[in-house]
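Subject: Structure for you to look at

Hello,

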Amino acid sequence: MGETVQKPTVPEQAGPPAAESTAATREPLLEVDHVTLRFGGVVALNDVDFTLYKGEILGLIGPNGAGKTTCFNVMTGIYQPSEGEIRFRGERITGKKKHHITKMGMARTFQNIRLFPEMTALENIQVGADAHHKTSVISALFRLPRHYREERDGLEKARRLLDFVGISGRMHDAARNLSYGEQRRLEIARALATDPVLLCLDEPAAGFNPAEKEELLQLIRKIRDQGITVLLIEHDMRLVMGVTDRIVVLEFGKKIADGLPAEVREDHRVIAAYLGVPDDDVA
Ligand SMILES: Nc1ncnc2c1ncn2[C@@H]1O[C@H](COP(=O)(O)OP(=O)(O)OP(=O)(O)O)[C@@H](O)[C@H]1O
């Protein structure tokens, strides 16, 4: 990223306030309980503590290297915390395998697109839905009715999800032939195919133009309106301020703020943390 003059403020939010979040309850869905994670001498997460409540859209922000993706990786079972624990739906998930956490209802997208490029959009989603399939290898081999039923339902569901994210016209196209924005939408649809109660989005707007960002904002709201709680890592402050109900800010692995977007925007520690971030990222 280029060296540009820094902005000492975090911008006003775009669009209507996300605070019509009456959907948000105070019922905890995910609890990050004093989590520390060390990589050798690097303390990637330092006693990080926050709660995500059912029905809300929570922003997880912070400058590059603050620990946001590491936090996702600890939550989704990729890394184990050195100290502390994570609870999801009231159950301790520290030490649980990735697929178990997915089955419990947590889905995520990645910073770098991870689709199967040669598969069609539809097939990419069907693969994502496999986490919930009950058909055994035996019933697939012997083509038992249950296998056919699951296949038919899976196809129908994949179609619905493509429609939901707005790319149903591309269902038979190979993922590699989709535009960048369509691929990102497909990733979201694939994550939704696991029927999550919590969807974690890691920089979903990276590389988007303003119109695509606005469409993404609408899509995130639509996802929440389906009753899915959303955790959003995003550098684009306009998007974050426009769509989140609450924001947690990390800096050098430590939580430095946790509050409403309007509060976080005015927080001096947050403003100071962002003095090091290029203009593009805060405009
Ligand atoms: N596997 C790893 N081994 C060693 N250090 C790591 C590893 N993963 C992350 N880190 C370090 O942990 C810190 C936090 O990184 P992380 O990727 O979580 O930050 P981030 O907030 O997601 O940054 P960005 O916005 O640039 O994606 C950084 O200092 C990073 O170098």
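Strands here are DSSP runs of E with at least two residues, helices are runs of H or I with at least four residues, and both are numbered from the N terminus. β6 and β7 (residues 198–202) are joined by 3 bridges and run parallel; two strands count as paired if DSSP finds at least two bridges between them.

Before going on, two notes. The model is predicted, so local features need pLDDT of at least 70 and side-chain atom pairs count only at pLDDT 80 or more, while totals for chains, interfaces and linings use all residues. Residues are numbered from 1 along each chain as its sequence is written.

The sheet

β6 and β7 belong to an open sheet of 6 strands, ordered β6-β7-β8-β3-β9-β10, with mixed pairing. β6 (106–108) and β10 (254–259) are at the edges with a single partner strand each, so one side of each has no neighbour in the sheet. From one strand to the next, the twist averages 15°. Helix α7 (residues 210–225) packs on the sheet and touches β3 (57–61), β7 and β8 (229–233). Contact means that the C-beta atoms of two residues, placed from the backbone, lie within 7 Å. The direction of α7 makes about 150° with that of β8; axes are lines fitted to C-alpha atoms, for helices over the stretch in contact, and angles run from 0 to 180 degrees between N-to-C directions.

The hairpin

β1 (residues 28–39) and β2 run antiparallel and are joined by 8 bridges. One of the pairs is Leu 30 with Leu 52 in β2. The two strands form a hairpin with 2 residues between them, and Gly 40 in the turn has a positive phi of about 55°.

The ligand

Which residues surround the ligand? They are Phe 39, Val 42, Ala 44, Gly 62, Asn 64, Gly 65, Ala 66, Gly 67, Lys 68, Thr 69 and Thr 70. A residue is near a molecule if its C-beta atom, placed from the backbone, lies within 6 Å of it. β2 (42–53) and α1 (68–75) each supply at least two residues of this shell, and α1 gives the most, with 3 residues.

The domains

The protein chain is divided into domain 1 (1–105 + 196–283) and domain 2 (117–195), with bounds from an automatic or database domain assignment. Their contact takes 10 residues from each of domain 1 and domain 2.

Regards
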